[in-house]
Amino acid sequence: MSKTWPGLPSRLVSDMASNTDFLLQFTEFDEADRALEDSRDATTIRIEDTDTERHKPQKQRRSAPVMSFEEDPLANDDQTELLSGQKKSAPFWTFEYYQTFFDVETHQVKERILGSLLPWPGKNFVRLYIHNNPDLYGPFWICATLVFVIAICGNISDFLVYLGNPQYKYVPEFRKVTIAATAIYSYAWLVPLFLWGVLVWRNSKVINMVSYSFLEIVCVYGYCLAIYIPAVVLWIIPNEAVRWLSIAVALFLSGSVLVLTFWPAVRDDQPRVAIAIMVAIVVLHTLLAVGCKAYFFKTLEVEQTAPVGIQTNSSLSSLNRSTVLTR
Amino acid sequence: MAEVDESSKPMFAGLSDVSISTDIPVEGEINVPVGTSSQDDEYSTLDEPVKDTILRDLTAVGKKFVHVMYPKKSSALLRDWDLWGPLLLCVTLALMLQGGSVDSKEDEGPQFAEVFVIIWFGSVIITLNSKLLGGTISFFQSLCVLGYCIMPLTVAMIVCRLVLLGGSGKVSFIIRLLVVTASFSWSTFASTAFLADSQPTNRKALVVYPVFLFYFVIGWMILTFSQST
């Protein structure tokens, strides 16, 4: 028997009771939502769909990736991570924390690589393949493979360009590996960092946006570099037409995957800003491909016009020419 | 009561099937690699002649070389790990791959430090990768296996240098290509035989691929080695 204030009409009491019921219901809805999240192993970051746009009000407070204190309430550890408010519950100094980034299986990696090669309008790479489980295996090893493939194929193409030239002495230019490694790894890590920063900044200005965590962006960029591996192998052929064709195809495929992935994140923004971000993504991707081709792969015409007698000078000058072009 | 038994049976039924598998590679170092001195407290190796000490280590290293030559699944290589063999192989390979003097104008091949760093840094990265993917092998066991499996590539390097002494034309290139390809596949196969068992089945390819890349790069460095005139 609840204690009621004397003199209050019973209807008011029952109204108050129903009000509190409503309040209880409202909290339950919140709890149910959170429980639903837990059961799907979901993160505090929601990737929106076009039909769930109605749920914006409660999702907006979860969409900022920086607010990582909204952790999985079942987590035993209360350590918070700045970079991702995801299901990692181990503190960052333990080995288990990093093991959560390698929680993939062979077929998943294969699917992700294939997904990055085949853009499909309407299908978001992050939502479809990454499923809130970004991994660092793919980006790291695809970048490592790309570095060595560029260095090796650059060497082979030099050899083929100079083939038949008796004064050419083949040297494995080992320095190129370090340069390629710096270029590829900085592209694969610094550009996602920059892009994530830009998206977070825009997110703070325009509320209703899909947002990705830093690791998901790194994942997308890492897997999108996978198409360049067969393209670089094709660059061995000293034919310029083949090289440019392979660049165009690779750029089209991976660029469109990138565009399709990031368009939902920026489309709610002002059109100029959205277009600027998209153009920047594509331009940087192009620059990487063209820069690698120009720096590591010599063209056939340059060598044929140089006199055969002064071999060392011509190779040095063509190297200088190609480095000047890229700088 | 009968209900309790019914409900508890499926719960505990699995326990009877649990058997401890005897071929899980043990982690870490159970035996001291130099022998049975852990069992004999009074026997100290300080008083023995130096020749005995050296010979014991050399025998252990030699046995592991034989294991790599004929790779079959054995836990001896994993249990008694040591890093003498990898060090010896790495130094030999780096010395032979060294690409000439620094003052020449052209880009030379890899220097000693570069090869050394690639081999050790690469081994560490691959070990970390396999551990992050959930492997049960320990850090130094993995380094030991990867280091010992460089042996076929070192043999290939010696063969390549001998072939280069005879001339550096197309024929020698083809011979060198065949030798390096054979030894690189042998290295990959040997290390996979030891490492793949420590991984869960759905991730074996993820662990084997970096090993393949590692030996491929070393093989490439051996193949493109050219003598400076």
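In chain A of this predicted model, A:Ile217, A:Val220, A:Tyr221 and A:Cys224 of helix α8(A) meet A:Ser254, A:Val257, A:Leu258, A:Thr261 and A:Phe262 of helix α10(A). By class, the residues of that contact are seven nonpolar, two polar and no charged. Chain A has 13 helices and zero strands, while chain B has nine helices and zero strands. Here's a tour of both chains, with a stop at a spot where they touch.

**How α8 and α10 of chain A pack**

- Helix α8 of chain A covers residues 214-224 and helix α10 of chain A covers residues 240-266; their axes come within 10 Å and cross at roughly 165 degrees.
- An angle over 145 degrees counts as roughly antiparallel, so that is the label for α8(A) and α10(A).
- As for handedness, α8(A) and α10(A) make a right-handed crossing.

**Chain A as a whole**

- Follow the sequence of chain A and you get the pattern α-α-α-α-α-α-α-α-α-α-α-α-α.
- Chain A has 327 residues, and 44% of them count as buried.
- Take the contacts in chain A between residues at least 6 apart in sequence: 73% of them join residues at least 24 apart.

**A closer look at A:Val177**

- You'll find A:Val177 in helix α7 of chain A, which covers residues 175-205.
- A:Val177 has a relative accessible area of 14%, so it is buried; the cut-off for buried is under 20%.
- Setting aside residues up to four places away in sequence, A:Val177 touches A:Val147, A:Phe148 and A:Ala151.
- A:Ile152 is 25 residues from A:Val177 along the chain, yet the two C-alpha atoms are separated by 8.5 Å.

**Where chain A touches chain B**

- A:Glu105 sits in the loop between α3 (95-99) and α4 of chain A, and A:Thr106 is in helix α4 itself, residues 106-117.
- With neighbours within four places in sequence left aside, A:Glu105 is in contact with B:Asn202, B:Arg203 and B:Leu206.
- Buried or exposed? For A:Thr106, relative accessibility is 16%, so this residue counts as buried.
- A:Glu105 comes out at 24% relative accessibility and therefore counts as partly exposed.

**Chain B as a whole**

- Chain B reads α-α-α-α-α-α-α-α-α along its sequence.
- Of its 229 residues, 39% count as buried.
- Among chain B contacts between residues at least 6 apart in sequence, 75% join residues at least 24 apart.

**How α5 and α6 of chain B pack**

- Helix α5 (residues 112-132) and helix α6 (residues 139-148) of chain B have axes 9 Å apart and pack at an angle of about 130 degrees.
- α5(B) and α6(B) are therefore oblique to each other.
- The crossing of α5(B) and α6(B) is right-handed.
- On the α5(B) side, the contact involves B:Ser123, B:Val124, B:Ile126, B:Thr127 and B:Lys131, and on the α6(B) side B:Phe139, B:Ser142, B:Leu143 and B:Leu146.
- Sorted by class, the α5(B) and α6(B) contact has five nonpolar, three polar and one charged residues.

**What the UniProt record lists**

- For chain A, the unreviewed UniProt entry lists residues 136-157, 177-201, 213-238, 244-266 and 273-296 under "transmembrane region".
- In the model, residues 136-157 of chain A are 95% helix and 0% strand, with end C-alpha atoms 31 Å apart.
- Residues 213-238 of chain A come to 69% helix and 0% strand, and their end C-alpha atoms lie 41 Å apart.
- For chain B, UniProt (again an unreviewed entry) gives residues 81-100, 112-133, 145-167, 173-195 and 207-226 as "transmembrane region".
- One of these spans, residues 145-167 of chain B, is 83% helix and 0% strand in the model, and its end C-alpha atoms lie 35 Å apart.
- Another, residues 173-195 of chain B, is 100% helix and 0% strand, with 32 Å between the end C-alpha atoms.

Terms used. Residues are numbered from 1 along each chain as its sequence is written. Chains are lettered from A and ligands numbered from 1 in the order in which they are written. This is a predicted model: local features need pLDDT of at least 70, side-chain atom pairs count only at pLDDT 80 or more; totals for chains, interfaces and linings use all residues. Side-chain values use heavy atoms; hydrogens and water are left out. Axes are lines fitted to C-alpha atoms, for helices over the stretch in contact, and angles run from 0 to 180 degrees between N-to-C directions. Helices (H or I, at least four residues) and strands (E, at least two) are DSSP runs, numbered from the N terminus. Angles under 35 degrees count as roughly parallel, over 145 as roughly antiparallel, 65 to 115 as roughly perpendicular and the rest as oblique. A crossing is left-handed if the near helix is turned anticlockwise from the far one by less than a right angle, and right-handed if clockwise. Contact means heavy atoms within 4.5 Å. Ala, Val, Leu, Ile, Met, Phe, Trp, Tyr, Cys and Pro count as nonpolar, Asp, Glu, Lys and Arg as charged, and the others, Gly among them, as polar. UniProt positions are given in the numbering used here, feature names are shortened, and annotations may be inferred rather than shown by experiment. Buried means under 20% relative accessible area, exposed over 50%, partly exposed in between (1.4 Å probe, protein chains only).
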